[in-house]
Amino acid sequence: MSTAGQIMTRDVTAIRETVPARRAVQLLEELDVRHLPVINGAHEVVGIVSDRDLAPIASDRARLAQPVSRLMSADVLTVGLETDVDDVIDLLTEHRIGAVPVVDGDGRLAGVVSYVDVLREVAKEHRAAKA
């Protein structure tokens with residue numbers, strides 16, 4: 001099977017931990033994604049924010065003005081570029097999450113593997129096995 005680095009979405013928009021939550025809501029809508037990795041100044045992953053994290057505050061102007069660091073999941077799980085897709089699948093299902101940031105050897109964001117990326121890879125392998 002493949003690695004996280006091979007199947008990940010590479011062109012990922014991340015948000016800095018100091019940016020207001022309002023901007024995260026805008027980005028989720030504009031990009032039509034469900035997760036945004038949160039990074040620090042060194043581009044290290046420090047959290048992840050999802051549409052589910054932000055939905056409850058969508059009309060709360062005061063909370064939308066707070067930095068995204070106050071609303072993100074700081075106990076974010078990450079995987080490395082060489083992590084086997086089987087291990088990514090186990091992580092996603094075990095923790096009931098829809099995406100996991102992929103980091104390079106220095107902990108910097110390299111991409112994201114979502115359940116959609118995994119399904120694409122499994123479907124590709126399934127079709128190849130049938131051929």
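Two strands count as paired if DSSP finds at least two bridges between them. Helices (H or I, at least four residues) and strands (E, at least two) are DSSP runs, numbered from the N terminus. Everything below comes from a predicted model, where local features need pLDDT of at least 70, side-chain atom pairs count only at pLDDT 80 or more, and totals for chains, interfaces and linings use all residues. Residues are numbered from 1 along each chain as its sequence is written, and side-chain values use heavy atoms, with hydrogens and water left out.

**View 1. The hairpin of β5 and β6.** Here β5 and β6 form a hairpin with five residues between them. In the turn sits G107, with a positive phi of about 80°. The two strands run antiparallel and are joined by five bridges. For a landmark, look for V102, which stands opposite G111 in β6.

View 2. β4 pairs with β5 (residues 99-103) in the parallel sense, over two bridges. In this pairing G80 stands opposite V103 in β5.

View 3. S50 belongs to strand β3 (residues 45-50). Is S50 buried or exposed? With a relative accessible area of 10%, S50 is buried (buried means under 20%, exposed over 50%, partly exposed in between; 1.4 Å probe, protein chains only). Leaving aside neighbours within four places in sequence, S50 is in contact with L28, R34 and H35.

**View 4. R70 out on its loop.** R70 lies in the loop between α4 (61-64) and β4. Its relative accessibility is 61%, so R70 counts as exposed. Pick out R34 as well: the C-alpha atoms of R70 and R34 are separated by 18 Å, with the two 36 residues apart along the chain.

**View 5. L119 on its helix.** L119 lies in helix α6 (residues 115-130). L119 is exposed, at 53% relative accessible area.

Note on methods:
Contact = heavy atoms within 4.5 Å.
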